[in-house]
Amino acid sequence: MTDQSAPPVPTTLTLFNSLTRALEPFVPVHPGEARVYSCGPTVYNYPHIGNMRAYVFADVLGRTLSWKGYALTHVINITDVGHLTDDADAGEDKLEKAAKANAQSIWDIARHYTQAYWADIAALNIRQPAHWSIATDYVPAMIEFAQSIADKHCYELPGGLYFDVSTVADYGKLARAATDEGEGRIEQVEGKRHQADFAIWRKTPPGETRQMEWDSPWGRGAPGWHLECSVMSGKLLGFPFDIHTGGIDHREIHHPNEIAQNQAFCCAGSLTDPANSGARMWMHNNFLVERSGKMSKSSGEFLRLQLLIDKGYHPLAYRLLCLQAHYRSELEFSWEGLGAALTRLKRLVMAVAQLKERAEPSADVSDWQAHAKLAPLVARFDAAIAEDLNTAVALTVLDEAVALKKIDPALKLAAIGAFDSVLGLNLLTLSRTDLRLRPKAATVTEDEIAQKIAARHEARAIKDFAQSDALRDELAAQGVDAMDGDPLGWDWRLG
């Protein structure tokens, strides 16, 4: 799906390939197309905001590919089986554990948290992918995939079918962690040929019954987490496809194991040719860092997008916070930083509203990108996103477009809309009222606020400034800012 609002632009798109550790020009496998696979959530709990940074990044990548004129096919998977409690391939299945803890069906657990994840996707204005691939829909294909590689690349142990990493070239080339650190996180299993070998099919232990298990040539059980992504990406996009994305935490074990499976399945050789990995490029976003320790789901109360909303912050303020940093940089989360992002978003939305009031509905904006003042901004915006998705610089170009003087408002709106087709802030449809979210902890009603605001206006009209100030202070004590000169009139005071 190509965004028709974007102008044709010539700058070559360069992206950082984690596999080669270099910036590379994007050259599609299939001319005119871009095929992207993103590692999705394991739906045993709500995603935290650090998880959601990965999908904002993948969304910006997809929007940039659309801006550059490629027909995009984006796949995001939903892991509803197979992912163990330790990302390094050890422990219980996360879904089975959550089902036991909540005394619920594993299918109900998966359905509930999938819907919660999709709600966060919508709230962050992340575009729908071409496919949501659900892992349990592909178990027969996973068994076929495993059978096709088992003779040359796998061996059986009492616990299941294991992949022998020595049977493929350059195993672990993607990973950055020191070998001893990485191996220390890998499951200890008696009989493994090599420390890094991993399960692609896990047998159900004798005497146990899982809620999710299937018959296979290696016994009744369930697929390994790594197998799922290899199968779904290959089935839906074909090997090799263009780009595989994920969080930096996948770079050390999950993605190297995926690559090994892809090499085995495709009978591919050395990773000196990145296409042998299954994807030509592997891209990873860095961590969101939160100093209080509330980013870990094991801590109980953790930072969900809904918590931000409950505190009165619009979810697109969090999206803007993510865009203000490069995706490969660590991003530190703070409430102050989120508040500053919300203020920046409010200013952009107010500027767009003013332009809408002044713009002629019938204005011809078909050649807006050729305007003398806009053409240089288009070139700089394109150069920023074409240089490995530099959204921080792209945002400054957007700010400059908003601030331009002596230019037709309709032309400015066209430029803002085109830039926002990449940034995804919904600037042409979002209103200041939309950004005024009621904090969950607020006790005062909006009717009570309106009454006090009206009383304050009356006091100011008769120059009773003492009463006006007293009412303003009363509102502030209840979490409300009275905003003189702002058409909205008042806003929540976010602490």
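In the largest nonpolar core of this predicted model, which comprises 117 residues, Phe163 and Tyr318 touch the most other members; a nonpolar core is here a set of buried Ala, Val, Leu, Ile, Met, Phe, Trp, Tyr and Cys residues joined through side-chain atoms within 4.5 Å, with buried denoting under 20% relative accessible area (1.4 Å probe, protein chains only). Helix α13 (residues 409–423) supplies the largest share of this core, namely 10 residues, helices being DSSP runs of H or I of at least four residues and strands runs of E of at least two, numbered from the N terminus. A second, separate core of 16 residues has Val36, Ile243, Met281 and Leu389 among its members.

When residues up to four places away in sequence are not counted, the contacts of Phe163 (heavy atoms within 4.5 Å) include Ile149, Tyr155, Val168, Phe198 and Ala264, together with Asp197 and Gln261. Among contacts in the protein between residues at least 6 apart in sequence, 76% join residues at least 24 apart.

The protein as a whole contains 15 helices and 17 strands. Its radius of gyration, taken over C-alpha atoms, is 26 Å, close to the 23 Å given for 495 residues by the globule rule (2.2 Å times the number of residues to the power 0.38), so the protein is as compact as a globular protein of that length. Buried residues account for 55% of the 495 residues.

Residues are numbered from 1 along each chain as its sequence is written. Local features need pLDDT of at least 70 and side-chain atom pairs count only at pLDDT 80 or more, whereas totals for chains, interfaces and linings use all residues, and side-chain values use heavy atoms, with hydrogens and water left out.

Note on methods
Buried means under 20% relative accessible area, exposed over 50%, partly exposed in between (1.4 Å probe, protein chains only).
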